Amino acid sequence: MSDTPFGFGLPPEEPDDGDEGKKKDQQSGGGQGPANPFGFGGLPGAGGFGGPGADNPLAAMFGSLNPTDLGAAFQQLGQMLSYEGGPVNWDMAKQIARQTVSQGTADGTKDASVGPAERSSVEEAVRLADLWLDDATSLPSGAGSAVAWSRAEWVEATLPAWKELVDPVAERVGAAMGDVLPEEMQAMAGPLIGMMRSMGGAMFGTQIGQAVGVLAGEVVGSTDIGLPLGPAGKAALLPVNMDAFGRDLGVSKEEVRLYLALREAAHQRLFAHVPWLRSHLYGAVDGYARGIKVDTAKLEDVVGQFDPQNPEQLQDALQQGMFQPEDTPEQKAALARLETALALVEGWVDAVVHAAAKPRLSSADALRETLRRRRASGGPAEQTFATLIGLELRPRRLRDASRLWASLTDARGVDGRDALWAHPDMLPTASDLDDPDGFVHREQLDFSELDKMLGEAAGKPDLKKSDPEKGDPKASDPKTSDPEKGDDTE
């Protein structure tokens with residue numbers, strides 16, 4: 001995380017008046033005399049904030065700003081304190097994310113606009129990847145278009161999804177800020193609570209913005225974390241991050257681009273043609289968030305010692321984490337559902353992409369293992385989200401899920417494997433990941449009954465013979481009933 005809270009970075013260069021400005025301020029007295037009515041220690045130009053009063057928290061917050069930057073900082077602080085929106089100040093989150101992106105990544109890679117050649121290469125890679133995937137899955141293409149994004153464009157396009165993920169947890173913190181005070185004190189402390197909620201929204205906005213900005217420097221597409229973050233039907237890749245990803249792998253840029261395009265296109269197929277999947281995943285996140293409790297003891301301590309002149313207290317509390325999963329059967333079940341869902345999505349993509357890439361790309365095995373390790377370890381941004389919302393968006397059982405999907409392909413074929421996405425109740429569970437062979441062969445004795453059950457769940461008489469894009473050729477058969485037409489048993 002940045003050492004400069006609220007995203008107030010250091011100025012890019014010294015003030016225009018240089019040493020002359022310092023002499024003028026020294027002649028005016030400096031320190032906390034009449035020339036410094038706010039008592040912030042040494043104002044900019046009077047030796048910076050390192051002189052008397054340097055321990056003032058606002059001085060530490062603003063850093064060595066010149067007068068112009070100081071005015072802008074006060075204006076931003078005023079906007080932050082006057083914020084009256086939802087639990088997260090998303091305007092600030094967007095601003096901080098853009099600032100973080102503009103600073104570049106730790107390896108010195110800067111963001112850059114995407115040129116026509118790169119856009120064309122991405123479009124061609126996604127188009128070819130979709131052709132290859134036709135042999136590896138029964139799900140048709142889900143990418144209506146392919147786009148090449150800069151990091152800044154990724155931030156803009158994914159913020160709505162982050163809002164949906166983070167707001168439920170942030171709402172709990174906002175409510176808890178008022179609940180920790182006794183009722184008789186809440187009326188008297190109304191303005192203070194309002195200020196704290198504004199500060200809390202700003203703090204969350206700052207932390208989320210920094211995390212999104214860091215993540216923008218790591219991701220290679222719109223589905224890297226297993227959740228659909230971009231607009232539906234739009235396959236997106238980030239050329240600058242793909243180049244950084246493949247720089248030390250000893251693999252050609254074309255193969256890296258094609259392999260990553262395969263993963264993005266496979267995710268798009270899954271989310272486009274399994275209509276319940278997105279709400280299922282986000283619902284699992286929300287269900288887990290509802291079971292997270294705020295550490296009221298820590299929050300009470302922050303509220304009891306809250307100093308309006310030291311807003312960094314709330315930021316420190318957020319960075320240390322105030323969320324504790326409740327140790328209840330319901331919460332454990334919610335976590336298991338979420339982890340299993342993420343693993344099944346990533347495991348299916350891993351298995352399908354490998355089947356498509358193995359015969360065509362010489363580096364398929366190496367790229368697969370690299371991406372598996374990358375997803376398993378997580379980056380600093382994912383760790384930040386774990387601290388902020390108590391949740392690690394990582395598929396802990398990716399390898400187990402991938403083996404299960406591969407075994408299903410061998411035993412039931414591509415159609416039989418993909419038919420399991422017809423309904424969430426048909427998917428493997430966490431215990432099935434422990435015993436994949438048991439799940440794979442459980443229905444081997446009667447495939448006709450399995451097909452019938454899957455067809456009823458999807459609202460189609462026969463998943464193998466019917467084409468969801470062209471209608472059902474057996475729809476007129478009176479022996480096969482369509483639960484959506486004339487069947488009022490539902």
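Reader: Which residues line the largest cavity?

Author: The model is predicted, so local features need pLDDT of at least 70 and side-chain atom pairs count only at pLDDT 80 or more, whereas totals for chains, interfaces and linings use all residues. Residues are numbered from 1 along each chain as its sequence is written, and side-chain values use heavy atoms, with hydrogens and water left out. The lining of the largest cavity consists of Val 220, Thr 223, Asp 224, Leu 237, Leu 260, Arg 263, Glu 264, His 267, Leu 371, Arg 374 and Arg 375.

Reader: What makes this space a cavity, and what is the volume of the largest cavity?

Author: On a 1 Å grid over the protein atoms alone, a 1.4 Å probe fits at its points but cannot get out, and a lining residue has an atom within 4 Å of a point. The volume, about 100 Å³ for the largest cavity, is the space filled by probe spheres set on points joined across faces, edges and corners. In the whole structure, the search finds 5 cavities of 30 Å³ or more.

Reader: Which helix supplies the largest share of that lining?

Author: α10 does, with 4 residues; α10 and α15 each supply at least two. Helices here are DSSP runs of H or I with at least four residues, numbered from the N terminus. By class, the lining has 4 nonpolar, 2 polar and 5 charged residues, where Ala, Val, Leu, Ile, Met, Phe, Trp, Tyr, Cys and Pro count as nonpolar, Asp, Glu, Lys and Arg as charged, and the others, Gly among them, as polar.

Reader: Why is α10 called oblique to α15?

Author: The angle between α10 and α15 (residues 364-377) is about 60 degrees, with the axes 11 Å apart. Angles under 35 degrees count as roughly parallel, over 145 as roughly antiparallel and 65 to 115 as roughly perpendicular, with the rest oblique. The angle therefore makes α10 oblique to α15. Glu 255, Val 256, Tyr 259, Leu 260 and Arg 263 of α10 meet Ala 364, Leu 367, Arg 368 and Leu 371 of α15, with heavy atoms within 4.5 Å counted as contact. That contact has 6 nonpolar, no polar and 3 charged residues.

Reader: What makes α10 oblique to α14?

Author: α10 (residues 253-273) packs against α14 (residues 329-357) at about 130 degrees, the axes being 9 Å apart. This angle makes α10 oblique to α14. Their contact includes Tyr 259 and Leu 262 of α10 and Val 345 and Trp 348 of α14. It holds 11 nonpolar, 1 polar and 2 charged residues.

Reader: In which sense do α9 and α10 cross?

Author: Their crossing is right-handed, the term for a near helix turned clockwise from the far one by less than a right angle. The axes of α9 (residues 239-246) and α10 come within 10 Å and cross at roughly 115 degrees.

Technical notes:
Axes are lines fitted to C-alpha atoms, for helices over the stretch in contact, and angles run from 0 to 180 degrees between N-to-C directions. On a 1 Å grid over the protein atoms alone, a cavity is a set of points where a 1.4 Å probe fits but cannot get out, and a pocket is an open set with protein on both sides within 12 Å along at least five of seven lines; lining residues have an atom within 4 Å of a point.
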